[in-house]
Structure formats: structure tokens, C-alpha cells
Amino acid sequence: MRNDQHLIALDLDGTLLTNEKTISPTTKRVLEKAKQEGHIVMIATGRPYRSSAMYYSELDLSTPIVNFNGALVHHPLQPDFGTHHEPLNRRTVHDIVTAMQDYRINNIMAEVQDDVYLHFEDRKLMDVLSLGDPKLQTGDLRHTLQHDPTSILIHADEEHVQDIRSHLSDVHAEVLEHRRWGAPWHVVEIVKKGLNKAVGLERVANHYQIPRERIIAFGDEDNDFEMIKFAGHGIAMENGISELKQLAREVTKSNENDGIAYYLKKTLNL
């Protein structure tokens with residue numbers, strides 16, 4: 001093992017992926033070179049595993065993966081790493097569904113690892129969520145949801161998102177964390193309190209015995225805050241939100257301009 005081995009953590013949407021949801025050939029080549037040089041490459045995403053597995057395969061990774069913003073951490077190829085799954089309490093979901101009757105929402109979805117439950121029938125949303133072919137079920141979540149969910153998604157029109165987030169902070173601050181997705185989907189994403197990508201990243205870093213100063217993490221959105229802060233090299237994409245760019249150690253080029261490859265080439269001499 002090289003004594004300057006780095007752990008490289010990649011957010012997917014807006015970071016590793018272009019706007020067309022592909023990995024550019026340049027970025028893929030540089031990440032392959034990083035692996036050949038002995039560095040460790042991993043994915044840390046808000047997505048479920050089912051809709052990130054194709055990128056895991058495409059990069060030919062053999063590392064743990066952080067999904068659902070840290071609510072699920074596992075190693076797809078090594079079961080003995082363990083599956084670290086911290087779901088929300090189902091009763092909290094019932095409370096949220098009841099409270100949302102007083103708000104303007106389009107839908108509420110619950111994800112139990114790779115199973116998806118929709119409160120209302122919604123073809124458009126089902127198309128988005130069906131990536132990776134999950135088991136989909138529709139109906140009142142207070143009746144259909146029989147297990148503690150990994151995450152909850154509330155879909156609303158943009159002008160109602162802040163009111164919903166304010167309610168969640170006022171009523172459920174002790175038990176959950178909530179983030180908002182970037183456009184075009186105005187979605188509030190909810191996971192158990194205390195969970196974020198940094199929690200998952202720290203678990204993986206400990207597994208490989210990599211100190212924080214040799215962790216490089218790339219992100220672009222508000223669900224990347226903790227990971228960017230935790231990593232010795234927390235790098236924001238040029239297309240990222242301004243708060244993240246202010247927090248980051250450095251800002252690299254955008255996801256459309258091979259920002260990950262640009263930073264890794266100059267930092268790791270690839």
C-alpha cells in the first residue's frame with residue numbers, strides 16, 4: 001500500500017455525471033489511472049443503490065458505497081463489510097403524511113432500501129423512480145408501509161417547499177434531517193437524524209485506515225455539505241450551489257468540463 005494513498009469520494013448528479021447523466025471518457029480515464037496508482041475510488045450519493053449500481057459497474061469499482069445520503073452503507077462485492085442501514089421510524093412517517101394534508105404537495109414517497117411506496121398514483125414520478133426496476137406500490141403510506149423506511153421524499157411545487165421544510169424543522173427536528181433536491185424536481189428528502197454523507201464516508205475511511213487529510217470529496221449540492229467539510233480536500237464543482245463553494249477548500253471546473261479529472265490530475269500527478 002502506498003503511503004500517500006487517497007480515498008476519493010464522488011457524488012453522482014451534478015458532480016461525476018454530466019447533465020446527460022453519463023460519465024465522460026476523460027473523467028473515467030483519470031479515475032481508472034487513480035485506481036491503478038493505488039488510490040481508492042468510491043461513490044457517495046443521495047440516490048438509492050438501485051439507481052447508482054450502473055455507475056459503480058461502469059467505473060469497475062470494488063469499494064463500499066454510500067447511498068441515501070448515509071442512511072445505507074454497504075459493499076456490493078464483499079458482504080462481510082456489513083450492511084449499515086439506519087431507517088426512519090415508521091410512526092414519524094405516519095405523522096408527516098397526516099400533517100401534509102394541510103400543505104400543498106404533489107406526492108409523498110417512501111423508500112425501503114430498493115422498494116418504493118407512493119402515496120398517490122403518479123406516472124411521471126414512477127418513471128423517475130423506476131430506474132433499477134424497484135418494487136413499486138401505490139396507496140396511503142399509513143396503510144401500505146409495513147417497514148421503517150430508509151428515506152421519505154415529498155414532492156411539491158417550488159413555492160411550497162420552504163413551508164414544508166419549516167414544518168419539518170419545527171416539529172421533527174430531533175428525529176430527522178431534510179434536504180432539497182436541485183431543479184427540475186422540487187423534492188424534500190428526509191432521512192434519520194444525524195445521517196449524512198460524511199457519516200458514511202468516515203465509516204469507509206476507517207475501514208481502509210485513511211486519515212481525513214488524505215480524503216478527497218467532490219460535490220455540488222446541499223446534501224454534500226458535511227462530506228465536503230469532513231474531507232481534508234473538500235472540493236466543490238463550479239456548477240455547485242454558492243454556499244458549498246464558500247465552504248469548500250477549492251472549487252474545480254464544472255461537471256460538464258471534467259472538474260473531477262482536472263482536480264485529480266493536478267493534485268495526484270496523474
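Colleague: Which residues of strand 13 are buried on one side, and which on the other?
Modeller: This is a predicted model, in which local features need pLDDT of at least 70 and side-chain atom pairs count only at pLDDT 80 or more, while totals for chains, interfaces and linings use all residues. Residues are numbered from 1 along each chain as its sequence is written, and side-chain values use heavy atoms, with hydrogens and water left out. Strand 13 covers residues 233-237, and five of its five residues are buried (under 20% relative accessible area, with exposed over 50% and partly exposed in between, for a 1.4 Å probe and protein chains only). Both faces are covered, with His 233, Ile 235 and Met 237 on one side, and on the other Gly 234 and Ala 236.

Colleague: Which residue of strand 13 is the bridge partner of Ile 216?
Modeller: Strands here are DSSP runs of E with at least two residues, and helices are runs of H or I with at least four, both numbered from the N terminus; two strands pair if DSSP finds at least two bridges between them. Strand 12 (residues 215-219) meets that rule with strand 13, in the parallel sense and over four bridges. Within strand 13, the partner of Ile 216 is His 233.

Colleague: How many residues of strand 11 are buried, and which residue of that strand stands opposite Arg 179?
Modeller: Strand 11 is mostly covered, with five of its six residues buried. Strand 9 (residues 151-155) pairs with strand 11 in the antiparallel sense over four bridges, and Ile 152 stands opposite Ile 190 there. Strand 10 also runs antiparallel to strand 11, joined to it by five bridges. In that pairing, the residue of strand 11 opposite Arg 179 is Glu 189.

Colleague: Which element gives the most to the lining of the largest pocket?
Modeller: On a 1 Å grid over the protein atoms alone, a cavity is a set of points where a 1.4 Å probe fits but cannot get out, whereas a pocket is an open set with protein on both sides within 12 Å along at least five of seven lines; lining residues have an atom within 4 Å of a point. The largest pocket has a volume of about 910 Å³ (the space filled by probe spheres set on grid points, which are joined across faces, edges and corners). Of its 38 lining residues, the closest to the centre are Asp 13, Lys 21, Arg 47, Trp 181 and Gly 182. Two or more residues come from each of helix 1 (12-16), strand 10 (176-180) and helix 5 (123-129), and the most, with three residues, from helix 5.

Colleague: Which elements give two or more residues to the lining of the largest cavity?
Modeller: The count comes to two cavities of 30 Å³ or more, and the largest has a volume of about 70 Å³. Its lining includes Glu 177, Arg 179, Glu 189 and Val 191. The elements that give two or more residues are strand 10 and strand 11 (187-192).

Colleague: Which helix gives the most to the lining of the second largest cavity?
Modeller: About 40 Å³ of space lies in the second largest cavity. Among the residues that line this cavity are Val 199, Gly 200 and Arg 203. The most, with three residues, comes from helix 8 (residues 197-208).
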